[in-house]
Amino acid sequence: MAVATPTKAFGAAIKRREDPRFITGKGQYTDDVRLLNMATMAILRSPYGHARITRIDVESARRAPGVLAVYTGKDIQSVAPSMPCAWLIPNSDLKTPNYPPLAVDRVRYFGEGVAMVVAENGYQAKDALDLIEVDYEPLPAVVDQEQAVQEGAPQLHDDVPHNLAFTWHIAGGDADAAIRDADVVIRQRFINQRLLPTAIETRGAVADFNQATGDLTIWLTSQNPHIHRLLISLVLGIPEHKIRVIARDVGGGFGSKIPLYAGEVLAIIASRDLGRPVRWSEERSENYVATTHGRDHIQDVELAANRDGRITGLRVKAWASLGAYLSTAAPGVPTWLFGLILSGCYDIPNADCTVYGVFTNKTPTDAYRGAGRPEATYLIERMVDLLAAELKLDPAEVRRKNFIPADKFPYTVANGGLTYDSGNYQGTLDKALELVDYQALRREQEEARRQGRMMGIGFSTYVEVCGLAPSAAAGAMGFQGGLWESATVRVHPTGKVVVLTGTSPHGQGEETAFAQIVADELGVDVNDVEVVHGDTAQIQYGMGTYGSRTAVVGGAAIAVACQKVREKALKIAAHMMEVAPEDVEWADGRFRVKGAPETSKTIADVALHSYLAWSMPQGVTPGLEEGHFYDPSNNVFPFGCHICVVEIDRDTGDVAIKRYVAVDDCGPVINPMLVDGQLHGGIAQGIAQALFEEAVYDENGQLLTGTMMDYAVPKAADLPKFELARTVTPSPHNPLGIKGIGEAGTIAASPAVVNAVVDALSPLGIKHIDMPLKPEKVWRAIEQASR
Amino acid sequence: MRIEGSYRFDAPPERVWAVLQDPAALAACIPGCQTLEPVAEHEFAATLSVGVAAFKGTYNGRVRVAELDPPHRYDLHVEGSGRTGFVKGVGHISLEPDGGSATQVKVVGDAQVGGPVLSVASRLVVPTAKMLMNQFFAAMQRWLRASPM
């Protein structure tokens, strides 16, 4: 039974409609797909970080029980010579070396595919992998991106001298002069460590190629099914209209499910050759080497300021490790997504940024929650704290002094690359200070220090750029795609609504949020709206879900499509009520005759009428369905202030988070429960980078943190209670005023935690420790400083 | 990876030496040894089947004995690989008389271990190698006791 239409669904804390199927095991993930006659594929992976393949013998594997086919790099070479790179950054001398789906004569990272077996079942496929004989001649490896560009370093690609994939530069004002003339210059090196995205669902594919029709259906764990369809078409030459990509339920991605992967291409090749469905599914340890990694920067930063704490310039030199090959979006992450927003929420007139993109003998990197923006935010937020410490000023005060004032929006950053749409940075800081009771907290800290306890307070006042747009900007950045989004709103004769979105939610809850938008726009019950995503056969086109764009761009597309439906429906309603359209108004979720509110029609009334079409107004076609391609005029810029309070155990170096207060501003909130959920998860991932997670390689390119025993994903007990609050500053250009919130927590949290830890250690003279702040590292710093 | 061990045999160095160089004894005492075929003088091709957790699998490799100084010391070069990883290393083995009728065998080894096994069980590599080495020498001690003088 449908309950009465709520007066407003937008803003209501409605429970996620996705959850019942997830928590009862009824989700439809890729690995849940079981097709008749389905074979299973397994990939043999390199045990070396860098080696020449001198011999591969697959004969005994071919003869093993159940084996249908065995492929090596040489077999694949002519079919699919290279994986694609789809972010070709201009003016950077970008090199795009060949990236074979299976290594041909050389492996360049630990876990790179060397051969694959297709068998009747997974056990037989894995057993047959054991029978493949590969002779390797190990080569010297290079895992550090700064060493990789040095003369004499091992070379990964013959056509990429010094392993330098690109040099990218952006600047505004005169940072050199600002640094030369400054009262104070702060210099610091930061290591932003490599992370493993660790989506709960590992990657996989079920490819079903029909040899009779030439149709390919592929179930993928994807954040962007249409982009996958396009890339598959380009790599394998299968016409786009013959490909259907389905990503029904996806168990998290965090950016790692944007790229097209070799495993997906190989499954298609095998299915096409065998004429049978082929399934491929990663194990967790395989996921840790074969799915893209995130971050991995070395940054040298210089910040110039006046004696009073006013920042005058920023100069950054960063070495980004791209791994052994260019993943789909890899070049854009450490450049455009990092370099444009380096000044954060501060009015810094002179800024200069150089990024070296470097090949190393490690798994390729790509987007990971925040993608470039956490690397930028961490850097500037740490520098502001270092400046405050140097000048012996309160870090809140230094921030206040340098904020872009609320009346200066729209604000264009010094490098000219971004125009912040709206903001009130002082507002979120003030609210957070009040919530945490800052003055009392500082007194408490003084008292703690008197007792010999190490307590610290850390700030992160961030702004981030998301809902990436417009498409013209994407083109200027070399991104080989548009950044608009599509929506189709279909009202059925009974007034039930189906919404088709080109975004591809994978755990964020937009099936619920989008229904809330539609409910208000069309005056229908939220339960009468079905949201369809993740199927290229049903959805005309779409760019997918990443960069906190789904609600912002996809939601706006849906809102505008609904408004188009209403425009048409109004004409029909007027016709039904025998009045002129000018005399009809949309109020309280119905079409009403102005001045005679008792005469009204609902969308359901109009829908039935429009499908019967016995009597339509002049020039109005039957049916009630509208689509919209929404291309935003600008990005959106959510912001906020996070404050972290820590206490450190002097004897063990263990960091305990005592309080975590976050005041975020993402404009009007569609569903507060969803926003809180995104913040909880996001902050958890930011804390994880600050305290726990690190992908460690040895000097030979061996990943040493290949399991969840060694790679420390935080558990609930490691995390504090999150004290969340909001301010609301709408985006002036978004039809719903909304800003993205999917990545904000991650972007904000790492610097807040590290700033708190360094604040706690500051009486010992400690100025910086690189992440992750594991107890051993903190303990060693304490020991060294106490000597 | 560095690995060390010391084992006492109730026999003089000459006898211990003979057993340590005896292919039949080696084949019987190397844990999981399936084949041990001579391919040259002082060189063998071996197939091992290891049944220890993360290291489970079949390994193919070569063992070469060098720097022979009977009955005092020799070097054992080992190179092998299997699905879970690879190993390449050298062990320096020395025999010292312990009283009149016993021998102390000392092993000092240095090996490079890699492959998937290192990602999933890096903390277990050294203890496992040590365990397998202990098993080997324990079997050798039994072999020596059981074999006629």
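Student: Which residues of helix H18 (residues 603-612) of chain A are buried?

Tutor: We're looking at a predicted model, where local features need pLDDT of at least 70, side-chain atom pairs count only at pLDDT 80 or more, and totals for chains, interfaces and linings use all residues. Residues are numbered from 1 along each chain as its sequence is written, while chains are lettered from A and ligands numbered from 1 in the order written. "Buried" takes 20 or more other C-beta atoms within 10 Å of a residue's own, "exposed" 12 or fewer, and "partly exposed" is in between, with C-beta atoms placed from the backbone. For H18(A), the buried ones are Ile603(A), Val606(A), Ala607(A), His609(A) and Ser610(A).

Student: How many degrees around the axis does their arc cover?

Tutor: The arc is taken from the directions that lead from the helix axis to the C-beta atoms. These residues sit on the same side of H18(A) because their arc is only 170 degrees.

Student: And what do those buried residues pack against?

Tutor: Helices (H or I, at least four residues) and strands (E, at least two) are DSSP runs numbered from the N terminus. Contact is judged by C-beta atoms, placed from the backbone, lying within 7 Å. By that test, the partners in chain A are strand S19 (485-491), helix H16 (510-522), helix H17 (550-576) and strand S24 (596-601).

Student: Chain A has an open sheet in the order S7-S15-S14-S13-S8. Which strands are its edges?

Tutor: Two strands pair if DSSP finds at least two bridges between them. The pairing in this five-stranded sheet is mixed. Each edge strand pairs on one side only, and the two are S7 (164-172) and S8 (184-195) of chain A.

Student: How many bridges join S13 to S14 in chain A?

Tutor: Strand S13 (residues 294-305) and strand S14 (residues 311-323) of chain A run antiparallel. One example is Gln299(A), whose bridge partner in S14(A) is Ala318(A). The bridges joining S13(A) to S14(A) come to nine.

Student: Which helix packs on that sheet, and at what angle to S8(A)?

Tutor: Axes are lines fitted to C-alpha atoms, for helices over the stretch in contact, and angles run from 0 to 180 degrees between N-to-C directions. The helix touches S8, S13 and S14 of chain A. It's H11 (residues 373-391) of chain A, and its direction makes with that of S8(A) an angle of about 145 degrees.

Student: Which helix of chain A gives the most to the side that touches chain B?

Tutor: In this contact, 14 residues of chain A meet twelve residues of chain B. With three residues, the top contributor is helix H9 (residues 284-290) of chain A.

Student: Over in chain B, which residue in S4(B) is the bridge partner of Ala45(B)?

Tutor: Strand S3 (residues 43-50) of chain B pairs antiparallel with strand S2 (residues 33-40) through six bridges, and Glu37(B) stands opposite Ala45(B) there. S3(B) also has eight bridges to the antiparallel strand S4 (residues 57-69) of chain B. In S4(B), the partner of Ala45(B) is Arg62(B).

Student: Back in chain A, is Thr198(A) buried or exposed?

Tutor: Thr198(A) has a positive phi of about 55 degrees though it isn't a glycine, and its place is the loop between S8 and strand S9 (204-210) of chain A. Since it has 20 C-beta neighbours inside 10 Å, Thr198(A) counts as buried.

Technical notes:
Contact = placed C-beta atoms within 7 Å.
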